[in-house]
Amino acid sequence: MEHKLLLLTSDNDKYRNLLGSCHLPHLTLLGDNPQSILEADIWLAEPPLAAPLVGHAKQIQWMQSTYAGVDLLVKPRLRRDYQLTNVRGIFGPLMSEYLFGYLLAHQRQHKQYQSQQAEKIWRPANFRTLQGQELLLLGTGNIAKHLAQTAKHFGMRVTGINRGAKPTIGFDRVDTLANLAQHIGNADAIAAILPSTPQTQGALNQEMLALMKPEAILFNLGRGDVLDLDALYAQLLSHPQQNAILDVFNQEPLPQEHPIWSLENVIITPHIAAPSFPEQVVEIFANNYHKFIKGEPLSHRVNFERGY
């Protein structure tokens, strides 16, 4: 049976070249015209581009997302009569580089030494080490497991938060989101890598943020709606020794008028902590395509009800 593939990415030419080198059998790559939306039974797509169009599809059977996050495609009013898969298992090393790059720079006070250098000041600051510090990870999936492994390399203790407090290799202890308040006050560093679900939305609210240690550092790396950004602004404004590294937001780009831009104890990055590279996405797609034409279960299938 012949299959027709629609590409909806910001770099379709790159994906065409990569897919061409895979020599996938019985697969035709359609052009970038509106008619392809009606004809394609397989989509390889970025969720923001696919979400407004998927309702018009006539033949779609399977969509491979180029992102891990598929929030825009699992909203209750959108169709669910096709298989949706995402990309997983490739983000752990990238996310680890991001988190520990910033965490080590913070611990070793790079900003202070850079400021002193500008003034030609030779003044050692208080030495701080990650050894013995507590890392709290909201999430215990593939990315969190890699972060936990890296944390252990630095001698940190690691607590994980997941749906059912399921014991997970690499974590010293695991608990549920309902018990987050019991752990957040013990954490030197907190990283949210949770999916967006009704249970996780607003998990880091005003009451929870108020429990953070006086010098805690918070990372939001998963979904923007897990964190109440206005509450965080108020918290960091009144607690300048606390810090935040923020890569994901409810609204992206983050509106220029939001006051959190101006805080010196905040670092804002434009959703770049762990980008998916086309080469990795195509490898996942190709493996899944071979399963698809054989009628085998697809890898990384998304549960529409759970949202991930």
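Predicted model: local features only at pLDDT ≥ 70, side-chain atom pairs only at ≥ 80, totals over all residues.
Is His258 buried or exposed? His258 turns out to be buried, because its relative accessible area is 14% and the cut-off for buried is under 20%. I found His258 in the loop between β11 and β12. Ignoring neighbours within four places in sequence, I get contacts from His258 to Leu229, Asp230 and Tyr233.

I went through the omega angles next. Glu252 and Pro253 are joined by a cis peptide bond, with omega at about 0°. Pro253 also sits in the loop between β11 and β12.

**The sheet.** I traced the strand order and got β8-β7-β6-β9-β10-β11-β12, an open sheet of 7 strands with parallel pairing. β8 (173-176) and β12 (266-268) are the edge strands, each pairing on one side only. From one strand to the next, the twist averages 15°. I then zoomed in on one pairing: β6 (residues 134-138) and β7 (residues 157-162) run parallel and are joined by 5 bridges. Which residue in β7 is the bridge partner of Leu136? I noted down Thr159.

**Helices on the sheet.** Helix α6 (residues 142-153) lies across β6 and β7, and I get about 175° between α6 and β6. Helix α4 (residues 92-107) packs on the sheet too, touching β6, β9 (189-192), β10 (217-220), β11 (243-246) and β12. The direction of α4 makes about 160° with that of β10.

**Aromatics.** My count came to 6 aromatic pairs. One of them is Tyr98 with Tyr102, edge-to-face at 5.0 Å centre to centre and 65° between the planes. Both tyrosines lie in helix α4, 4 residues apart, which is about one turn of the helix. I checked their accessibility as well: Tyr98 is buried at 7% relative accessible area, whereas Tyr102 is partly exposed at 26%.

Phe100 and Phe154 make a stacked pair, 5.5 Å centre to centre with 25° between the planes. Why does this pair tie together parts that are apart in sequence? Phe100 lies in helix α4 and Phe154 in the loop between α6 and β7, so the pair links parts 54 residues apart in sequence. Phe100 counts as buried at 4% relative accessibility, while Phe154 counts as partly exposed at 26%.

I also noted one aromatic cluster, formed by Trp62, Phe285, Tyr289 and Phe292.

**Second largest pocket.** How many residues line the second largest pocket? The lining has 21 residues, with His106, Lys111, Arg128, Asn243 and Glu264 nearest the centre. The elements giving two or more residues to the lining are α4, α5 (110-118), α9 (229-238) and β11.

**Positive phi.** His26 has a phi of about 60° although it is not a glycine. His26 sits in the loop between α1 (12-20) and β2 (27-29), and is partly exposed with a relative accessible area of 43%. His300 is another entry, with a positive phi near 65°. I placed His300 in the segment after α10 (278-294), and at 26% relative accessibility His300 counts as partly exposed.

Methods
Residues numbered from 1 in each chain as written. Heavy atoms only, no water. Pairing = 2+ DSSP bridges. Axes fitted to C-alpha atoms, helices over the stretch in contact; angles between N-to-C directions. Contact = heavy atoms within 4.5 Å. Buried < 20%, exposed > 50% of the residue type's maximum accessible area, 1.4 Å probe, protein only. Phe/Tyr/Trp six-rings, centres within 6.5 Å; stacked < 30°, edge-to-face > 60°. 1 Å grid on protein atoms, 1.4 Å probe; cavity = no way out; pocket = protein on both sides within 12 Å on 5 of 7 lines; lining within 4 Å.
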